[in-house]
Amino acid sequence: MPTPPDQPPLIDIRDLHVSFRSRAGMVPALRGVSFSMGREKVGVVGESGSGKSITGKSILGLLPRHAELRAERMMFDGQDLLTMPPKRLRQIRGRRIGLVMQDPKYCLNPVKSVGNQIVEAFRTAHPIGRKEAENRAIEMLATVQINDPARVMKVYPHELSGGMAQRVMMAMMVVAEPDLLIADEPTSALDVTVQLEVLALLDRLVEARSMGLIFISHDLRLVSQFCDRVIVMYGGRIVETLAAGDLAHASHPYTRGLMNCLPRLDHRPGERLQTLERDDAWLTR
Amino acid sequence: MTALTRFQRIRMGLPTSSREARFAQGWRVVQMLAASPAALAGLGIVAALLLLAAFAPVIAPHDPYVQNLANQLRPPSAENLFGTDEFGRDIFSRVIHGTRYTLYIVLLVAVVAAPAGLFIGASSGFLGGWVDTLFMRITDIALAFPRLILALAFVTAFGPGLNNAILAIALTGWPPYVRIARAEALMIRRSDCISAVELMGASRLRIILVHVIPLCMPSLLVRLTLDMAGVILIAAGLGFLGLGAQPPSAEWGVMLASGKEDLLSGWWVGTFPGIAIFLVCMGFNLLGDGLRDVLDPRQES
Amino acid sequence: MTQGTGLVMGILGKVAIIFATFLGLIFVTFMIGRVMPLDPVTAAVGPDVSQELYDRTREQMGLNQPLWIQFFDYVAAVLRLDFGTSFSTRQTVIDDIARVFPATLELALVGVVIGALIGIPLGILAAVKRGTMVDGLIRVILLIGYSAPVFWKGLILLVVFYAILGVAEGPGRMSVFFEGVVPIRTGLLLIDSALAGEWEVFRNAIGHIILPAVSLGYGAAAYVGRMTRSFVLDQLKQEYVSVARVKGLSEWAVIFHHVLPNCAVQLVTTVALTFGLLLEGAVLTETVFAWPGLGQYMTRAMFNADMNAVPGGTSVIGAIFVSLNVVSDILYRMLDPRTRQ
């Protein structure tokens, strides 16, 4: 749902540039990205190298040391991320923005129990006693549909299946009641059946808490079904922004090309598959 | 566009023959190495070692063996840059001549231990089966032994002396090379290029010698360079204990033993040879680290 | 094959390898003893004896048996901890070693503690500040530590702190003045003197041990520090570290609560191995400081080509080395939850 007019947008970014220092000079990753969103589900679609993950990382301040960021404006819920002192930034990250990543097994600390990590997430954001935090964590595990949550609290990450691990990640990131959740290819490493379950869960979580969601993926069809709005990125820029329902009427040739390349069940055998025609002009527009 | 000269082709990475390809690869390595000041420092030190060893008689101002008892234990001065020892010998000249011993030791150990380990490891990894298992067990067992102590014990058995010391060090130094060569051999054993050569009828020995071993070279070079630092330290230790090079050799370990005796009367006797050992060791370490970053970033130290 | 059988086979296999390693060690020391230039019979009875006495002694010592029988006897003796009698001290080797080992043990322990206390924090700091001047400086300090010979470090320390500044005690383990004052309970002077409440002796012992321990400790710190830096850098690249930052943890909280627990196992293994390396280094350092330990014993034995003491001492140090490897391996499996069952 779009933001009520009297509230500031959850995310407001204008003209974001990110470059990486390398031996061969500065390599641009984001070239002037601008978008804003409220408490809605926004999908960011693009191929590898389009800059979609970098966008998410920029908001979270997770860029590597050799990255350089500059923007005209980068606001979260009315607060200026660009000028914020690091300590404040850390607090915002912990309390109000969550991140769910692609491979949950690598995202969890292997030598600490699951419960320990969820409790840590909660207690870093809110000053709460240990027992209460543990109860909250168990509640959260139940919410993400994990059976026997009390037992799972003591389990180690390598003992979890892919789907369970992703659910644990979501529990960990949502337990602190953030306003925004950034999901970077959350289902790409999962089996198809598990994908759907996890997505349905994500949907429920986000709706129930009126959270904003940035859903980063390379899967256009998935994003179009799941999100309210779609942002298409190519070569470090946003080439098109439209409502999910309007994808069929996309105007940018890249988006059109992506839509055309999606395989269809009614494809006639012997008919040539569509390929994507790239135009270098899209990089400089 | 004018045709490129061979030199230009190598520099730009556009080889037209396998020999040019090898040169091009070497050039890339040199370029990357040159980008690291630490590696360059290491290379400089090793080069200095080579030069000093080669031209020692010319560079050293005095004869390293001539005794001058009237001049015993003089502190550093213009005449004797590093002072004199208990026999009146010029320490500076002795340190310079010591480079020859160091180089001799390092080269001999490298020439004996590395090819042996390389051949065993490459064959073991390539041939597989019970040969592999046997050699690996032996190597694992050998790797678990303390190197210095074993070298000391070997030298005691062979009798003190520089060449015995080198043999002892080499005998304890081959296992790491076996490991490296075997790892590489295992990786390429199943590769298409090896299969192609096998199909052409190459014997297994030929494959090991001509194809497997050259591919092990980068890792081997790194390990060798880093190992040289350790060899220098062990050899110096042996000389220090009187079990390696013998007095009156101008070997740095032997000189350190004198330094211990003259500790209170002449601090310079032991200090300068020690600095020499330390510098050369550091040089090999720096060079080895640099080479590893360039050639084999996934190798653990 | 059931899982149980597989587990048992795995353990048996490991035990077999450990056994083979010890056997290999004994074999090597046996060969060393047999290859020595000194004639053991002459060493036992003297050079000017009749042929008859010579032959009889030779038979008594079992030296006319074929080599493999000698080896068998040797292994049996070693299992009884019988390494023969030292030619220079005329005591049994095992008694000698028991007498001198505590001194070396104490030195290596203090050395490894110094090494860990200095090396681990430096390694962590270097990793966190990677690429900065701090990292560069620490790496140079560590580089000097493992490029300089340990006995030279000892010499320099003696010259500076004993000869010139006079703040540390000189060679030896304690001043002659205090000999016999402290009852020997553990063999470790620092502990024994503290237990007996003899604080003057304690201070004296510290004054004596500090220089050799620092010589060893610097090298240990260099090795441990380098490894620590490498371990921490490896962990910092992992995804879970980014996730921990997203949770809002400060950089140091991430290091202490997440990175270090993941490095703990490797660090423990490294420290254990470093202890073994220090035992080796002690052989060289004890000569500089006239430290009455196993190193000095071995050095003397080597000079005398003592055919029993040298293999005996080598076996003992070698056995400790191998055991440290095995213990590290076991600790690794026990402490890492990923390999626990």
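Modeller: In chain B, 47% of the 301 residues count as buried (20 or more other C-beta atoms within 10 Å of the residue's own, with C-beta atoms placed from the backbone). This is a predicted model: local features need pLDDT of at least 70, side-chain atom pairs count only at pLDDT 80 or more, and totals for chains, interfaces and linings use all residues. Residues are numbered from 1 along each chain as its sequence is written, while chains are lettered from A and ligands numbered from 1 in the order in which they are written.

Chain B has 13 helices and zero strands (DSSP runs numbered from the N terminus: helices are H or I, at least four residues; strands are E, at least two). Its C-alpha trace spans about 75 × 60 × 25 Å along the principal axes.

Strand S3 covers residues 41-45, and five of its five residues are buried, so S3(A) is largely enclosed by the rest of the structure. Lys41(A), Gly43(A) and Val45(A) point one way from the strand. Val42(A) and Val44(A) point the other way.

Next, the neighbours. Strands pair if DSSP finds at least two bridges between them. S3(A) runs parallel to strand S9 (residues 212-217) of chain A, with five bridges joining them. Here Gly43(A) stands opposite Phe215(A). Four bridges join S3(A) to strand S10 (residues 229-234) of chain A, also in parallel. In that pairing, Val42(A) stands opposite Arg229(A).

How values were computed
Buried ≥ 20, exposed ≤ 12 C-beta atoms within 10 Å, placed from the backbone.
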